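Hi everyone, thanks for coming. Today I'd like to walk you through two spots in one protein model, so please have a look at it with me.

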Amino acid sequence: MSVFCGIGDLHLSSTNGYGGFSRFIDRSDEYILSEVQKVVDTCTSQGIEHFFIYGDICDSPRMSYTAHLQLLQFFKANKDVMFHLILGNHDKLAVDASVGHSMEVFSQFGLKNCRLYIEPTVVDFGDCKVNFLSYPYCEFKKMLNVCHLDISGAKNDNGRAVKGVDPGKYQIVSGHIHSSGDYKRVHYSGTLYQLNFGESIERKGYHIIESTRSDVDVQWVPWSPKYELVTLELNSGSKIPTDTVNKFYRVLLTDDLDPSVYAKLNVVSIKSCSAKDLKQLELKFEQLDLDPQQLLTHFISDLSQSEQQQLLAVRNKVLGL
């Protein structure tokens with residue numbers, strides 16, 4: 001039996017400086033990889049030597065200089081384990097990876113403990129075979145499939161069922177959706193940390209995968225990152241949290257409240273609204289934290305796979321890709 005660890009999207013910073021946690025702290029790439037390092041340390045202590053990264057290594061197809069340095073340092077610090085990486089939709093300039101992707105520079109380094117699978121690739125681990133599928137490939141096989149896709153029936157970060165690829169009866173672990181969840185034989189690990197306020201910290205974690213040639217068992221392990229994004233509904237009768245260390249707050253005010261009441265909180269955004277609007281607001285608020293690229297990704301996630309491909313084809317034609 002082979003045992004693997006599966007880790008969801010990292011979203012390291014791109015050349016514009018934007019990345020998974022860059023809105024909240026400096027040196028966000030260092031923080032992200034420190035969370036990954038903790039998982040690696042935990043799993044290697046249990047004898048696990050192979051780690052899968054489920055795509056969206058970077059927040060865009062062009063990785064920042066800082067992210068390159070931090071990632072290179074991370075791989076070199078873990079030279080005794082093997083990392084298997086696929087590309088996500090954020091990593092690619094176009095569906096055709098030859099046009100460009102976030103890991104182009106790393107592909108030239110020849111790191112012995114880092115394998116990037118751009119095209120569909122089956123790897124034989126002895127006790128089992130694994131089918132690695134970078135975005136947008138979905139050629140599933142009768143073995144463990146590692147991909148970065150919306151799978152029809154799985155639930156998005158907001159709890160709604162997504163439209164996407166038919167999973168059939170295949171065993172699948174996937175990135176792309178940032179919150180953990182299972183649907184039939186499809187398993188999402190979620191990310192190790194929150195990227196937006198709309199994501200629940202209770203659904204952050206990673207996978208421990210046990211596989212033979214005839215059977216696959218996927219266990220989800222919850223994870224508590226150093227930092228937490230908290231949505232706080234406040235009115236004149238609310239109690240202000242006292243445990244505020246390493247927490248960033250989005251405050252929703254339901255009546256007039258003196259700002260000095262919550263002045264000690266690390267408030268990222270404030271929104272005034274009536275109590276009856278809160279439910280509707282919670283469904284939309286996470287979009288306010290998205291940049292244009294993320295808005296596009298958020299929009300196309302509700303489309304079918306064929307519709308996504310048509311939309312991206314139009315974008316690529318306009319950009320001359």
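This is a predicted model: local features need pLDDT of at least 70, side-chain atom pairs count only at pLDDT 80 or more; totals for chains, interfaces and linings use all residues.

Now, to the inside. Rolling a probe the size of a water molecule over the atoms shows where empty space is left. Here, two cavities of 30 Å³ or more turn up. I'll talk about the second largest cavity, with a volume of about 40 Å³.

Which residues line the second largest cavity? They are Leu10, Leu33, Val36, Ile53, Leu71, Phe74, Phe75, Phe83 and Leu85. Two or more lining residues come from each of helix H1 (28-44), helix H2 (65-77) and strand E3 (82-86). H2 contributes the most, with three residues.

My other spot is Ala161. You'll find Ala161 in the loop between strand E7 (144-148) and strand E8 (171-175). Is Ala161 buried or exposed? Its relative accessibility is 57%, so Ala161 counts as exposed, since the cut-off for exposed is over 50%.

What does Ala161 touch, if we skip its neighbours within four places in sequence? Its contacts are Gly153, Ala154 and Lys155. Finally, look at Tyr183, which is 22 residues from Ala161 along the chain. The C-alpha atoms of these two residues are 10.0 Å apart.

Definitions and conventions: Residues are numbered from 1 along each chain as its sequence is written. Side-chain values use heavy atoms; hydrogens and water are left out. On a 1 Å grid over the protein atoms alone, a cavity is a set of points where a 1.4 Å probe fits but cannot get out, and a pocket is an open set with protein on both sides within 12 Å along at least five of seven lines; lining residues have an atom within 4 Å of a point. Grid points are joined across faces, edges and corners, and a volume is the space filled by probe spheres set on the points. Helices (H or I, at least four residues) and strands (E, at least two) are DSSP runs, numbered from the N terminus. Buried means under 20% relative accessible area, exposed over 50%, partly exposed in between (1.4 Å probe, protein chains only). Contact means heavy atoms within 4.5 Å.
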